[in-house]
Amino acid sequence: MADVEKKETVIIGAGPGGYVAAIRASELGQKVTLIEKSDTLGGVCLNVGCVPSKALIQAGHRFQEANDASTYGITTQPATIDFKKTQDWKQKKVVDRMTSGVKMLLNKHKVEVIQGEAVLDSDTQLRVMPVGPQQFMSTNTGTTIQFDNLIIASGSHPIEIPGFKFEGRVVDSTGGLNLPEIPKEFVVIGGGYVGTELAGAYANLGSHVTIIEGLPSILAGFSKDMVSVVLKSLKKKGVDVVTSATAKKAVQDNQSVSVTYEVDGKETTVKADYCMVTVGRRPNTDDLGLEYTKVKLDDHGIVQTDEQGRTDSPHIFAIGDIASGPALAHKAFFQGKVAAGAIAGKNTANDYIGVPGVCFTDPEMAVVGMTQAQAKDKGVEVATAKFPFAGNARAVSLDEAEGFVRLIYTKDDKTILGGEVVGPGASDLIAELSLAVNGRMNVEDIALTIHPHPTLSEPIQEAADVALGFPTHI
């Protein structure tokens with residue numbers, strides 16, 4: 001029988017939740033072992049998700065700016081792009097730099113890192129199996145580890161739909177980020193965060209893009225007037241948006257892929273260089289051996305936890321995409337710190353009121369807290385105040401005056417329950433509104449906070465002035 005190694009705090013998964021939990025646990029005095037099956041650290045987000053996608057989006061913006069700066073009286077020659085160099089920059093200067101930074105931080109905090117696939121045997125024991133072809137070529141039954149506490153941060157994987165097997169010219173978001181060339185024709189199945197972001201990125205790089213979405217609108221989680229601003233931009237780029245559509249099948253050869261979809265009983269086929277499917281993700285909870293523990297899952301494979309991330313097995317915690325709440329890296333960061341604190345006996349809790357969500361479209365969209373519709377569903381009487389970027393000097397000088405800031409607040413005491421931004425810098429501006437929502441601030445708190453001029457932050461204060469009935473620049 002193999003020897004059993006005893007460990008104090010073990011973490012499965014080195015993505016945003018896992019590596020942050022490992023660092024915080026170490027800072028709190030725990031001896032930490034981090035198990036990751038990939039040969040790189042950082043998880044999906046850092047390697048093949050939110051970070052490289054933003055690099056590709058930035059490349060698209062730079063290409064557009066290089067092609068046309070006539071608004072500022074600047075004449076340029078038509079720009080060209082070496083996409084191989086773009087992909088090389090994205091990988092080496094962005095992804096590799098960030099993953100090496102994670103490795104450095106884990107070394108600094110003396111976190112033991114083991115490459116392998118963890119499978120639970122019980123509520124206190126797991127095995128780490130080798131990954132890749134070697135697991136089938138070896139009689140090695142793995143390393144057995146007995147743990148005092150375990151944090152599971154195993155992440156999620158893309159959902160594959162019938163008729164669209166991920167192979168060849170049909171790719172998931174990872175494949176979409178690593179295409180060998182810029183497609184002339186690009187079909188995106190799914191108009192959520194990821195699909196719309198990458199559709200915009202490739203449109204900026206010169207592709208003709210078709211988005212096929214099953215719901216009546218793309219970006220269904222956002223308010224309609226926010227989405228309309230993004231739709232206007234997509235149409236200006238030549239993107240075709242098909243909604244209320246059912247993707248039926250993809251037929252491919254060595255040069256192209258033909259995608260068939262149906263709307264109102266009528267089938268249409270479009271031919272493209274590549275088809276990317278981004279219809280959601282499923283938590284990685286199927287192959288962890290959770291059936292040998294007291295850990296419970298819901299019907300969607302999400303682990304049931306308390307406010308500290310603790311499962312029905314008292315010494316096992318779950319964070320990130322496998323836990324309840326939005327599948328966002330910054331939520332995983334927070335949950336990782338909470339779980340590490342709980343193990344250390346700290347009075348931590350996932351007691352946030354709102355988690356900000358950002359979509360890096362053109363222009364950017366960001367939300368936090370309740371929408372008007374959500375407040376109405378909960379029987380909360382709210383009012384709203386909106387200020388357009390068209391009235392902001394900084395946005396106008398950037399030639400990015402589309403969009404607005406909106407506050408959602410209670411009618412009685414004007415407590416801010418939600419915030420929405422569509423426009424330049426929305427991804428950064430939402431931090432202030434997140435603080436306001438989670439800090440239970442009211443509109444007067446915002447109105448009395450001096451914002452620097454001229455900046456993109458001013459519309460937040462302006463919206464608060466609107467809420468108080470004393471608008472200045474509108």
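## Basis of the description

A residue is called buried under 20% relative accessible area, exposed over 50% and partly exposed in between (1.4 Å probe, protein chains only). The model is predicted, so local features require pLDDT of at least 70 and side-chain atom pairs count only at pLDDT 80 or more, while totals for chains, interfaces and linings use all residues. Residues are numbered from 1 along each chain as its sequence is written, and side-chain values use heavy atoms, with hydrogens and water left out.

## Aromatic pairs

Five aromatic pairs are present. Rings of Phe, Tyr and Trp (its six-membered ring) pair if their centres lie within 6.5 Å; planes under 30 degrees apart are stacked, over 60 edge-to-face, and the rest tilted. One of the pairs, Tyr193 with Phe222, is tilted, at 5.4 Å centre to centre and 50 degrees between the planes. Tyr193 lies in helix 7 (residues 193–205) and Phe222 in the loop between strand 10 (208–212) and helix 8 (224–236), 29 residues apart. Phe222 is buried at 7% relative accessibility, whereas Tyr193 is partly exposed at 34%.

Phe334 and Tyr352 form an edge-to-face pair, because their planes meet at 80 degrees, with centres 5.5 Å apart. Phe334 is partly exposed, with a relative accessible area of 35%; Tyr352 is also partly exposed, at 27%. Phe83, Phe186 and Tyr202 form one aromatic cluster.

## Charges over rings

A charge sits over a ring if NZ of Lys or CZ of Arg is within 6 Å of the ring centre and within 35 degrees of the ring normal. The charged end of Arg169 is placed over the ring of Tyr274, 4.9 Å from its centre. Lys386 has its charged end over the ring of Phe404, 4.5 Å from the centre.

Terms used. Helices (H or I, at least four residues) and strands (E, at least two) are DSSP runs, numbered from the N terminus.
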